[in-house]
Amino acid sequence: GALRKLFELVEKDTKGRMSYVTMVAVANDLAVLVADFRRIDANNSNTLSRKEFREHFSKLGFEKKSVIDALFRHADEDESDEVGFNEYVHLALCLLVLRILYTFADYDKSGQLSKEEVRKV
């Protein structure tokens with residue numbers, strides 16, 4: 001599940017070992033994800049409805065409903081029309097990777113990618 005993906009992500013270059021510092025960092029990040037998920041899950045169903053998901057991502061600054069809906073479809077891996085915790089963690093990891101890649105590609109640090117910056121990547 002999501003925890004295995006998280007472990008594989010952080011221990012990839014350490015030959016199957018994870019340092020205590022890394023483990024604490026992962027545990028802290030996971031605690032934040034659990035707290036976020038519980039806060040977003042307004043009806044305590046242990047899943048996020050499309051409405052809960054939209055409200056959360058709107059508060060994060062996502063303005064276009066079409067973008068939020070695309071994220072929801074991506075997160076809803078089992079097509080249940082709800083996002084479970086493992087699916088939420090997987091989406092969070094994907095968004096983190098995208099943010100890292102975006103930061104790397106934004107050579108001039110303008111906050112926007114130019115055609116030239118995209119070509120360089």
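The structure is a predicted model, in which local features need pLDDT of at least 70 and side-chain atom pairs count only at pLDDT 80 or more, while totals for chains, interfaces and linings use all residues. Residues are numbered from 1 along each chain as its sequence is written, and side-chain values use heavy atoms, with hydrogens and water left out.

- Helices (DSSP runs of H or I, at least four residues) and strands (E, at least two) are numbered from the N terminus.
- Helix H3, residues 50–59, has Glu52, Phe53, His56 and Phe57 as its buried residues, where buried means under 20% relative accessible area, exposed over 50% and partly exposed in between, with a 1.4 Å probe and protein chains only.
- These buried residues line one face of H3, because they fall within an arc of 120° when seen down the helix axis; the arc is that of the directions from the helix axis to the C-beta atoms.
- Lys51 and Lys59 are exposed on the other side of H3, and the helix is followed by glycine 61, which has a positive phi near 105°.
- In H4, the buried residues are Ile68, Asp69, Leu71, Phe72 and Ala75, and they fall within an arc of 160° seen down the axis, so they too line one face of their helix.
- Ser66 and Arg73 are exposed on the face of H4 turned away from its buried side, whereas the cover over the buried residues includes strand E1 (47–49), H3, E2 and H5.

**The largest nonpolar core**

- The largest nonpolar core has 15 residues, and those with the most contacts inside it are Leu48, Phe53, Phe57, Val83, Tyr88 and Leu91; such a core is a set of buried Ala, Val, Leu, Ile, Met, Phe, Trp, Tyr and Cys residues joined through side-chain atoms within 4.5 Å.
- Two or more residues of this core come from each of helix H2 (20–40), H3, helix H4 (65–75) and helix H5 (85–105).
- Phenylalanine 53 is in contact (heavy atoms within 4.5 Å) with Leu48, Ile68, Leu71, Phe72, Ala75, Val83 and Leu91, leaving aside residues up to four places away in sequence.

**Aspartate 76**

- Aspartate 76 lies in the loop between H4 and strand E2 (82–84), and its relative accessible area of 8% means that it is buried.
- Leaving aside residues up to four places away in sequence, aspartate 76 touches Asp81, Glu82, Val83 and Glu87.
- A polar atom of the aspartate 76 side chain lies 3.0 Å from the backbone nitrogen of serine 80.

**Aromatic rings**

- The whole structure holds five aromatic pairs; rings of Phe, Tyr and Trp (its six-membered ring) pair if their centres lie within 6.5 Å, and planes under 30 degrees apart count as stacked, over 60 as edge-to-face and the rest as tilted.
- The rings of phenylalanine 37 and tyrosine 88 form a tilted pair, because their centres are 5.6 Å apart and their planes stand at 55°.
- This pair links distant parts of the chain, with phenylalanine 37 in helix H2 and tyrosine 88 in helix H5, 51 residues apart, and both residues are buried.
- The rings of phenylalanine 57 and phenylalanine 62 have centres 5.3 Å apart and planes at 75°, so this pair is edge-to-face.
- Phenylalanine 57 is buried, with a relative accessible area of 4%, whereas phenylalanine 62 is partly exposed at 29%.
- Phe53, Phe57, Phe62 and Phe72 are linked into a cluster by ring pairs.

Note on methods
Polar contact = N/O pair within 3.5 Å; in protein donor to acceptor, adjacent residues only side chain to side chain.
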